[in-house]
Amino acid sequence: MGKIASLLVLLFTHPSEFRTLVQFYLYHEQKRDITAKQEHPTSGWDRSSMRRCWEFLDMTSRSFAAVIKELEGDLARTICIYYLVLRGLDTIEDDMTIPDEVKQPILRAFHQKTVTPGWTFSDNGPDEKDRQLLVEYDTVVEEVNRLAPQYKTIILDICQKMEVGMADYAHKAATTGTVYLETVAEYDLYCHYVAGLVGEGLTRIWAASGKESSWLCDQMELANSMGLLLQKTNIIRDFREDVEQRRFFWPREIWAKYGFEEMKDIYEKGDVEHATWIQSGMIVDALRHACDSLDYLRLLKNQSVFVFCAVPACMAMATLALCFMNPKMFQRNIKIRKAEAADLIMRSTNSREVAILFREYARKIHAKAKPQDPNFLRISVMCGKV
């Protein structure tokens, strides 16, 4: 169904959403066009290797691609490359078809591979959705080596830290047969390696660019929380898909106490009440990072950097509200509606409006909370803090 036809259907089924989408298409202007000739010196669009990197960004993350492209100056190109490097690393770590003896040396040397001209990797399984990025990884390598030294150093440092954590967890799963995270503390550490470090790297890049203050690098705890909020939201939303692909991220400490032996039992046994209690436990854990995320956003002064960070954070809060006490999440991957996403993008322009959005979604979560849920009091306190 084309865009016009889908809008017409929306007009009759959800008229308020129709109005929001029309407003978005008419009035939300693209801040910059990376393909424009005057943008070539900073976007790199005049080089075939960088054009291919922009294509990979669109292929691997449609949601992040839009906000990355609107960053000022050379930040857009730098963050594009940063994202692709970490996506390449994650694609190797996630692929369960790669034997551990092959995966370990590649993961632990990925920061070196990333600056080795001509290096590619073609041993991902045929169903790995981002395998083409690694098949043509030499284009990413070429662009990494073109980055300003201060950016290149940060990206390689974060890559090296992340690869160690990923390799350790992959090796544990392969050699001990333990595929579960046991405790919330272990869950936090895993999320730090795969997302908190991303926030650390972004913060250092903002400061190195001169578009944010150098003292922002002293706020790494807040940056880590921002990364954990986004990562934990994705882990909650993608529950069914991850379990079917034997990726188990929900810590046993939260779900095993309700009598489930395997994570697939949460949806296979049909025990909806206990399943939603586990779900609320995961969501209250994610909400621990909401206030820190607001504090981090309040420190940002550059508008394009603020929007880059604020939009995903607001999307995360909206997704948590959608997932909370929603049994459909255990059956399929659920997402917020396009009109709601468009409204969030249009409103995520300043720290006051973002704080109001966080409060709105916290109230929605609290309104759905049930007194018989063992997490009811914690949910109430956490929503009250937000």
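Trainee: How much space lies in the second largest pocket?
Mentor: About 470 Å³. Keep in mind that this is a predicted model.

Trainee: Which residues are closest to its centre?
Mentor: Met96, Tyr169, Ala170, Ala173 and Val179. They belong to a set of 21 residues that line the second largest pocket.

Trainee: Which helices each supply at least two residues of that lining?
Mentor: Four to look for here: α6 (75–94), α7 (100–108), α11 (149–176) and α12 (184–209).

Trainee: And which one gives the most?
Mentor: α11, with five residues of the second largest pocket's lining.

Trainee: How do the lining residues divide into nonpolar, polar and charged?
Mentor: For the second largest pocket, 12 are nonpolar, one is polar and eight are charged.

Trainee: Now cavities. How many are there of 30 Å³ or more?
Mentor: The count comes to one. About 30 Å³ of space lies in the largest cavity.

Trainee: What lines the largest cavity?
Mentor: Ile235, Phe239, Asp242, Val243, Arg247, Phe249, Trp250 and Met263. Six of the lining residues are nonpolar, none is polar and two are charged.

Trainee: Which helix gives the most to that lining?
Mentor: Helix α14, residues 239–244. It gives three residues to the lining of the largest cavity.

Trainee: Let's switch to single residues. Where is Asn124 found?
Mentor: In the loop between α8 (110–113) and α9 (131–135).

Trainee: Is Asn124 buried or exposed?
Mentor: Buried. Its relative accessible area is 5%, and the cut-off for buried is under 20%.

Trainee: What does its side chain make a polar contact with?
Mentor: The side chain of Asp95, at 2.9 Å. Leaving out residues up to four places away in sequence, Asn124 also touches others, including Thr91, Ile92, Arg131 and Leu134.

Trainee: What about the other asparagine, Asn375? Where is that one found?
Mentor: In the loop between α21 and α22 (376–385). Asn375 has 6% relative accessibility, so it counts as buried.

Trainee: Which side chain does Asn375 join in a polar contact?
Mentor: That of Ser280, again with a distance of 2.9 Å. Beyond four places in sequence, Asn375 touches Tyr258, Trp277, Ser280 and Gly281.

Trainee: How much of α17 is buried?
Mentor: 13 of its 16 residues are buried, so α17 is largely enclosed by the rest of the structure.

Trainee: What span should α17 have, and how far apart are its end C-alpha atoms?
Mentor: At 1.5 Å a residue, α17 should span 22 Å. Its end C-alpha atoms are 22 Å apart, which agrees.

Trainee: On to α18. Which residues are buried there?
Mentor: In α18, residues 290–299, they are Ala290, Ser293, Leu294, Tyr296, Leu297 and Leu299.

Trainee: Is Met325 buried or exposed?
Mentor: Buried, with a relative accessible area of 13%.

Trainee: And His40, where does that lie?
Mentor: In helix α3, residues 40–43. His40 counts as buried, at 18% relative accessibility.

Trainee: What does His40 touch?
Mentor: Ile34, Thr35, Trp45 and Asp46, not counting residues up to four places away in sequence. A polar atom of the His40 side chain lies 3.0 Å from the backbone oxygen of Thr35.

Trainee: How far is His40 from Phe358?
Mentor: Their C-alpha atoms are separated by 37 Å. Along the chain, His40 and Phe358 are 318 residues apart.

Trainee: Last one. Is Ser63 buried or exposed?
Mentor: Exposed, with a relative accessible area of 59%. Ser63 lies in helix α5, residues 62–69.

Technical notes. Residues are numbered from 1 along each chain as its sequence is written. This is a predicted model: local features need pLDDT of at least 70, side-chain atom pairs count only at pLDDT 80 or more; totals for chains, interfaces and linings use all residues. Side-chain values use heavy atoms; hydrogens and water are left out. Buried means under 20% relative accessible area, exposed over 50%, partly exposed in between (1.4 Å probe, protein chains only). A polar contact is a pair of N or O atoms within 3.5 Å; within protein, one must be able to donate a hydrogen and the other to accept it, and residues adjacent in sequence count only if both atoms are side-chain atoms. Contact means heavy atoms within 4.5 Å. On a 1 Å grid over the protein atoms alone, a cavity is a set of points where a 1.4 Å probe fits but cannot get out, and a pocket is an open set with protein on both sides within 12 Å along at least five of seven lines; lining residues have an atom within 4 Å of a point. Grid points are joined across faces, edges and corners, and a volume is the space filled by probe spheres set on the points. Ala, Val, Leu, Ile, Met, Phe, Trp, Tyr, Cys and Pro count as nonpolar, Asp, Glu, Lys and Arg as charged, and the others, Gly among them, as polar. The expected span of a helix is 1.5 Å times one less than its number of residues.
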